Amino acid sequence: MASTILEATRAKHEDLERLERLAVRELQREPANARERLYQSHRVRHMLDLVISTSGKLVEIYEDKDNARKDEISNHLSSQVQTEIFPKFYDRLKEIRDYHRRNPSARFVSETDDFEELLKEEPAIEFTGEEAFGRYLDLHELYNEFINSKFGTPMEYSAFVGTFSQLEKIAHSLKTSRQYREYLEHILEYLTSFLYHTEPLQDIEKIFAKLESEFEEQWANGGVPGWENKDPEKESAPQESVIDLDYYTTVEELVELGPEKLKEALAARGLKSGGTVQQRAERLFLLKHTPLVQLDRKHFAKGSHGSVSNNGNSIKDDLKKEIALMEIKMARLCELLDEVIVRTKENAEKKLTLTYEEMEAEREEEEVQADSESDDEDQQIYNPLKLPMGWDGKPIPYWLYKLHGLGQEFKCEICGNHSYWGRRAYERHFKEWRHQHGMRCLGIPNTKNFNEITSIQVNHHIALSTFFQLFQ
């Protein structure tokens with residue numbers, strides 16, 4: 001019953017204590033597998049959200065902007081005459097009894113009622129099929145956006161997964177475009193959403209707030225990586241219209257660019273873009289030896305000189321600052337998701353050698369393993385001989401280790417000097433995705449003729465010999 005402000009305050013304090021006990025109880029329980037651990041984190045996150053919302057309501061009550069709490073306290077708990085306190089108390093008691101008499105089925109919440117339904121609920125977490133319940137990233141939309149942009153380069157999806165966080169490889173002059181800014185916004189939106197779904201207890205807002213405070217200081221000192229102070233004259237135009245005048249020594253060389261490019265370059269700098277091709281080239285060539293701010297007014301288009309000289313640099317600086325901050329945030333998110341990115345790249349390379357049926361079978365197998373995965377791996381197992389683990393997660397017997405020759409190491413240069421332990425694993429790896437991917441990169445068919453051969457040089461020699469024999 002919360003018919004009064006004081007009763008509502010008491011009930012909310014009780015809810016806070018109950019939610020805190022419930023969160024502690026949930027965190028003390030050990031989840032059975034990775035999926036259950038994720039559910040546990042989301043349940044605790046939901047409880048924390050309820051704590052925050054309830055605390056916000058309590059703050060509003062204590063602020064008492066309408067003085068309702070103050071009036072209630074003065075009416076029910078204080079009196080100018082001592083003898084009037086008890087009549088008010090009994091009036092209040094009668095009101096409570098009347099309420100329960102009218103509502104005999106009102107639910108009584110005991111101290112042991114810990115919101116059991118919150119512990120039993122299964123949070124609805126949305127993942128795409130490619131993400132495999134948070135194991136991998138799904139960057140296909142971002143990949144298509146990258147390779148179809150002016151700042152992107154054609155590459156395989158697996159290569160993009162390994163390099164999309166390396167923004168320093170993109171030319172600085174390409175980063176001030178609207179297309180690049182939208183690309184960064186989409187990456188930030190996806191990575192933030194993925195991190196919230198996989199690590200709901202991570203305080204992303206706090207991380208970003210700390211980054212922003214450090215970024216402001218670095219930006220003021222010109223020490224942001226990749227965004228050190230540049231010459232503003234060389235970046236006064238958007239990339240679509242940039243013409244680096246340092247590469248041109250005469251007006252005739254500029255004429256060869258054509259009228260459209262000259263017109264775009266002049267318009268981007270706020271200069272008049274009319275006239276013949278020769279006149280446009282001469283007007284643009286003036287900037288080679290004269291700064292834009294010191295140029296004669298007659299060369300500027302109407303209404304553009306003031307904006308270029310006064311507001312152009314400030315607007316461009318704000319855009320650069322915004323893009324630089326997004327890059328810093330993206331780099332931080334990639335650090336937090338480093339293991340997921342590595343797994344995603346390995347999975348993308350592995351899929352290159354699988355058929356659709358094999359990929360579906362492997363996906364079903366991963367789902368079964370995720371459901372039955374136990375946390376026994378977190379427990380330390382006594383294994384002084386460093387024996388391989390068996391199907392039950394325990395070291396295999398030593399006699400079995402010697403029988404299969406698992407102490408013998410075989411290295412394959414084609415697989416990037418990857419080590420295979422035991423003859424059986426070594427022979428089987430010639431049909432696995434890693435070796436097939438290496439042979440494809442070398443341009444050599446992975447046939448039986450090249451089995452047992454792990455040297456790149458020997459493989460090339462055999463491939464050339466086979467080629468010459470076919471044409472003799």
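User: What makes S1 and strand S2 a pair, and in which sense do they run?
Analyst: Strands count as paired if DSSP finds at least two bridges between them. S1 and strand S2 (residues 418-421) have four bridges, in the antiparallel sense, so by that rule they pair. Strands here are DSSP E runs of at least two residues, helices H or I runs of at least four, numbered from the N terminus. One spot to look at is Lys411, opposite Ser419 in S2. Bear in mind that this is a predicted model, with local features needing pLDDT of at least 70 and side-chain atom pairs counting only at pLDDT 80 or more, while totals for chains, interfaces and linings use all residues. Residues are numbered from 1 along each chain as its sequence is written, and side-chain values use heavy atoms, leaving out hydrogens and water.

User: How do you know that the span of helix H8 agrees with its length?
Analyst: The expected span is 1.5 Å times one less than the number of residues. For the 21 residues of H8 (residues 178-198) that gives 30 Å, and the end C-alpha atoms are 30 Å apart, so the two agree.

User: Why is the largest set of 44 residues called a nonpolar core?
Analyst: Because a nonpolar core is a set of buried Ala, Val, Leu, Ile, Met, Phe, Trp, Tyr and Cys residues joined through side-chain atoms within 4.5 Å. Buried means under 20% relative accessible area, exposed over 50%, partly exposed in between (1.4 Å probe, protein chains only). Leu139, Phe164, Leu191 and Met330 have the most contacts inside the core. H8 gives the largest share, nine residues.
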